[in-house]
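This report describes one protein chain for a reader who is new to structural work. Please keep the sequence and the structure in view while reading.

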Amino acid sequence: MSFDGFLKTLGDLQAHCSTLLANLTRLQPNHSFPALRTSPPWARIAPPARSRPMTVEAIEERLEGIPVYALSNASEEFLLVSGSSSGKNLGLFCFNKDDAEALLNQVTLIEPHARLGSKVVPIALNKVFQLKVNGVAFRLIPEFSQIQNALKEREKSGSASSGFSGVPVFQSRSLILKNENKRYRPLFFRKEDLENTLKSAAREQNRLNPTMRRGDIQVATLEDVIKEMRENSASNWDDVIFIPPGFDVSDDSNEQ
């Protein structure tokens with residue numbers, strides 16, 4: 001898919017998710033988001049300039065069109081999961097639809113009365129990443145395979161760890177996207193999508209046997225990135241674009 005095609009599809013997904021959320025969400029958002037302390041060592045396209053941090057609205061625009069999957073009951077309300085250890089109900093948003101389907105199966109096995117009318121629905125991430133309701137803890141559930149990928153990349157960079165906290169996002173120092181006169185830093189939710197884009201970009205530049213340089217793929221958490229957007233100069237993040245899982249935007253990419 002070309003970058004222009006990606007932008008069109010992204011717009012269609014944004015409209016679809018907004019319609020679903022209008023019927024589904026009956027919870028009030030609150031401007032809070034859990035964040036980790038380590039700043040992501042992202043590559044820069046241009047030197048940062050001093051300015052105000054990004055607004056909540058600007059961050060939401062960056063997250064438009066990123067689908068997550070929630071459980072809905074027959075009344076089109078969030079189907080919550082009991083959290084026995086915390087005493088709170090859990091509202092879970094999965095990045096993988098199959099994970100959400102498996103979760104729904106488990107919930108309906110435990111609570112058979114919840115089976116009738118319950119389903120998995122897609123929701124745009126920008127509509128739910130700030131939700132906060134008394135007695136309910138909302139959690140983003142990343143794909144397990146991407147947690148494994150993130151741990152492997154950190155091990156390669158010399159930052160081995162036995163665990164990974166947060167939703168991993170992947171970037172390459174070698175890759176930017178161009179659309180007309182604009183340049184973007186793509187952040188991927190799946191390492192495989194980044195690798196496929198890098199390979200396609202290399203083929204387009206007649207590099208038949210591209211090799212990945214050490215440290216070429218960087219990994220951080222979505223929570224860290226959002227924290228940086230909210231606390232640091234907005235100009236540091238004007239060129240960031242989040243790539244939904246499964247998207248190929250290689251036709252308009254450039255490997256440096």
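The model is predicted. Helix α6, residues 191–204, contains 14 residues, and the distance from its first C-alpha to its last is 20 Å, close to the 20 Å expected at 1.5 Å a residue. The buried residues of α6 are Lys 191, Asp 193, Leu 194, Thr 197, Leu 198, Ser 200, Ala 201 and Ala 202.

**The chain as a whole**

The secondary structure of the protein chain consists of 7 helices and 11 strands. Of its 256 residues, 46% are buried. Among the contacts with a separation of 6 or more, 80% join residues 24 or more positions apart. The chain exposes about 13500 Å², and carbon and sulfur atoms supply 48% of this area.

**Helix α5 and its cover**

Helix α5 covers residues 144–156. Its 13 residues should span 18 Å at 1.5 Å a residue, and the end C-alpha atoms are 19 Å apart, which agrees. Which residues of α5 are buried? They are Gln 146, Ile 147, Asn 149, Ala 150 and Glu 153. Seen down the axis of α5, the buried residues fall within an arc of 160°, so they line one face of the helix. On the other side of α5, Phe 144 and Glu 155 are exposed. The cover over the buried residues of α5 includes strand β6 (168–172), helix α6 and strand β9 (217–221). Just after α5, Gly 158 has a positive phi of about 90°.

| Helix | Residues | Number of residues | Expected span | Distance between end C-alpha atoms |
|---|---|---|---|---|
| α6 | 191–204 | 14 residues | 20 Å | 20 Å |

**Helix α7**

Helix α7, residues 222–231, is mostly covered, with 7 of its 10 residues buried. The buried residues in α7 are Leu 222, Glu 223, Asp 224, Val 225, Ile 226, Glu 228 and Met 229.

Arg 190 is located in the loop between β8 (182–188) and α6. Is Arg 190 buried, exposed or partly exposed? Its relative accessibility is 23%, and therefore Arg 190 counts as partly exposed. Leaving aside neighbours within four places in sequence, Arg 190 is in contact with Asn 96, Glu 143, Gln 146, Phe 170, Pro 245 and Gly 246. Arg 190 and Ala 150 are 40 residues apart along the chain, and their C-alpha atoms are separated by 9.5 Å.

Rolling a probe the size of a water molecule over the atoms shows where empty space is left. The structure holds 2 cavities of 30 Å³ or more. The largest cavity holds about 50 Å³ of space. Which residues line the largest cavity? The lining consists of Phe 95, Pro 142, Glu 143, Gln 146, Val 167, Pro 168, Phe 189 and Pro 245. Glu 143, Gln 146 and Pro 245 belong to this lining, and Arg 190 is in contact with these residues.

**Glu 76**

Most residues other than glycine have a negative phi. Glu 76 is not a glycine, although its phi is positive, at about 60°. Glu 76 is found in the loop between β1 (67–72) and β2 (81–82). With a relative accessible area of 33%, Glu 76 is partly exposed.

How values were computed:
Residues numbered from 1 in each chain as written. Predicted model: local features only at pLDDT ≥ 70, side-chain atom pairs only at ≥ 80, totals over all residues. Heavy atoms only, no water. Helix = DSSP H or I, 4+ residues; strand = E, 2+ residues; numbered from the N terminus. Expected span 1.5 Å × (residues − 1). Buried < 20%, exposed > 50% of the residue type's maximum accessible area, 1.4 Å probe, protein only. Contact = heavy atoms within 4.5 Å. Areas by Shrake-Rupley, 256 points an atom, 1.4 Å probe, with all protein chains shown as cover. Arc of directions from axis to C-beta. 1 Å grid on protein atoms, 1.4 Å probe; cavity = no way out; pocket = protein on both sides within 12 Å on 5 of 7 lines; lining within 4 Å. Points joined across faces, edges and corners; volume = space filled by probe spheres on them.
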